[in-house]
Amino acid sequence: MVGGGIGGLAAGIALHERGWHVRVLERAEQFTEVGAGISLWSNALRALDMIGPGSADEVRSRGDIELQGGIQARNGRFL
């Protein structure tokens with residue numbers, strides 16, 4: 001596997017749980033905060049629970065419910 005981001009790690013965990021030998025390679029020397037956020041919809045939380053029971057509960061315990069949101073164009077205008 002390549003990439004220690006959310007996609008690479010999730011794929012690595014899922015494959016490992018199904019008996020694959022997995023090695024995740026990451027270019028960065030260490031993981032640090034980058035000042036970014038992530039929004040997960042209900043399907044993403046269901047997928048996390050399929051990867052590992054309780055995974056979505058862990059995410060919920062560390063996050064907040066997003067009451068307002070939207071998609072903006074580069075100029076800041078909401079789409």
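Reading from the N terminus, the elements of the protein run α-α-α. That makes 3 helices and 0 strands in what is a predicted model.

Next, the helix packing. Two packed helices are described by the angle between their axes and the distance between the axes. Here, helix α2 covers residues 42-51 and helix α3 covers residues 55-62, and the pair packs at an angle of about 130° with axes 6 Å apart. Angles from 65 to 115 degrees count as roughly perpendicular and those over 145 as roughly antiparallel, so α2 and α3 are oblique to each other. On the α2 side, the contact is made by Leu-45, Leu-48 and Asp-49. On the α3 side, Ser-55, Ala-56, Asp-57, Val-59 and Arg-60 take part. Sorted by class, the residues of this contact split into 4 nonpolar, 1 polar and 3 charged.

Then there is the largest pocket, with a volume of about 1,100 Å³. Its lining takes in 26 residues, and those nearest the centre are Ile-6, Ile-38, Leu-40, Val-59 and Arg-62. The elements giving two or more residues to this lining are α1 (6-17), α2 and α3. In terms of class, the lining of the largest pocket has 14 nonpolar, 7 polar and 5 charged residues.

Definitions and conventions: Residues are numbered from 1 along each chain as its sequence is written. This is a predicted model: local features need pLDDT of at least 70, side-chain atom pairs count only at pLDDT 80 or more; totals for chains, interfaces and linings use all residues. Side-chain values use heavy atoms; hydrogens and water are left out. Axes are lines fitted to C-alpha atoms, for helices over the stretch in contact, and angles run from 0 to 180 degrees between N-to-C directions. Helices (H or I, at least four residues) and strands (E, at least two) are DSSP runs, numbered from the N terminus. Angles under 35 degrees count as roughly parallel, over 145 as roughly antiparallel, 65 to 115 as roughly perpendicular and the rest as oblique. Contact means heavy atoms within 4.5 Å. Ala, Val, Leu, Ile, Met, Phe, Trp, Tyr, Cys and Pro count as nonpolar, Asp, Glu, Lys and Arg as charged, and the others, Gly among them, as polar. On a 1 Å grid over the protein atoms alone, a cavity is a set of points where a 1.4 Å probe fits but cannot get out, and a pocket is an open set with protein on both sides within 12 Å along at least five of seven lines; lining residues have an atom within 4 Å of a point. Grid points are joined across faces, edges and corners, and a volume is the space filled by probe spheres set on the points.
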